[in-house]
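Colleague: Before I use the terms in your notes, I would like to hear the grounds for each of them. Please set every value against its cut-off.

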Amino acid sequence: MMSERKLLDLLEKEEIRTLRLNYSQLLDSGQIHKMEEVFTSDARVEVTVGEMNGIEQIKQGLKNAYNEFDTHNRKHFPFVHAVMNHQIVLTDKTTAQGECYLIDFVTSREQSESPLLLVGRYLDRYEKVDGQWRISHSKLDVVWPANSGDQ
């Protein structure tokens, strides 16, 4: 039979796992104004478009990326972030770390072109703030292509 501690740990991990899913949904659908549901107020994010520190810089950087990829001005899913293989380690009651895979697709390319933008891993640190898990640091490790800054 599963111990109460194991059950509680599973629930904590599921809350954390949901952060990455929420991030993808909010970013891809253009709801960037809701990113405080995902990140701590002082979070640090390192991705292909640069480094952002604090929730306001994160929201502005992600908004800029959204607009850059929304080349047809559809305001609807200019990219799709598919995340999977999420591994999470609880380091104590209010901190954790984890990683997951990312396959990033661009939706504005012609049908004859590959929609694949990059393959990578998110390397994350999580913090529980006011009873809610949030991402406090995230670094995107691009696995393919070797020079992902070129789009």
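Colleague: Which helices and strands each supply at least two residues of the lining of the largest cavity?

Modeller: They are α1 (4-28), α2 (55-69), β3 (79-90), β4 (95-106) and β5 (116-129). Helices (H or I, at least four residues) and strands (E, at least two) are DSSP runs, numbered from the N terminus. The model is predicted, so local features need pLDDT of at least 70 and side-chain atom pairs pLDDT 80 or more, while totals for chains, interfaces and linings use all residues. Residues are numbered from 1 along each chain as its sequence is written, and side-chain values use heavy atoms, without hydrogens and water.

Colleague: What makes a space a cavity?

Modeller: On a 1 Å grid over the protein atoms alone, a cavity is a set of points where a 1.4 Å probe fits but cannot get out; lining residues have an atom within 4 Å of a point. The structure holds one cavity of 30 Å³ or more. The largest cavity has a volume of about 180 Å³, that is, the space filled by probe spheres set on the points, which are joined across faces, edges and corners. Of its 17 lining residues, Leu27, Val47, Thr48, His81 and Asp104 are the closest to its centre.

Colleague: Why is the pair of Tyr66 and Phe79 called edge-to-face?

Modeller: Rings of Phe, Tyr and Trp (its six-membered ring) pair if their centres lie within 6.5 Å; planes under 30 degrees apart count as stacked, over 60 as edge-to-face and the rest as tilted. Tyr66 and Phe79 have 5.9 Å centre to centre and 85° between the planes, hence edge-to-face. Tyr66 is in helix α2 and Phe79 in strand β3, 13 residues apart.

Colleague: What places Arg20 over the face of Tyr122?

Modeller: For a charge over a ring, NZ of Lys or CZ of Arg must be within 6 Å of the ring centre and within 35 degrees of the ring normal. Arg20 lies at 3.6 Å from the ring centre of Tyr122, and it also lies over the face of Tyr23, at 4.8 Å. Ring pairs link Tyr23, Phe39 and Tyr122 into a cluster.

Colleague: Why does Phe77 count as partly exposed?

Modeller: Buried means under 20% relative accessible area, exposed over 50%, partly exposed in between (1.4 Å probe, protein chains only). Phe77 has 23% relative accessibility, so it is partly exposed. By contrast, Asp130 has 77% and is therefore exposed.

Colleague: What is the phi of Asp130?

Modeller: Asp130 has a positive phi of about 50° although it is not a glycine. Most residues other than glycine have a negative phi.

Terms used. On a 1 Å grid over the protein atoms alone, a cavity is a set of points where a 1.4 Å probe fits but cannot get out, and a pocket is an open set with protein on both sides within 12 Å along at least five of seven lines; lining residues have an atom within 4 Å of a point.
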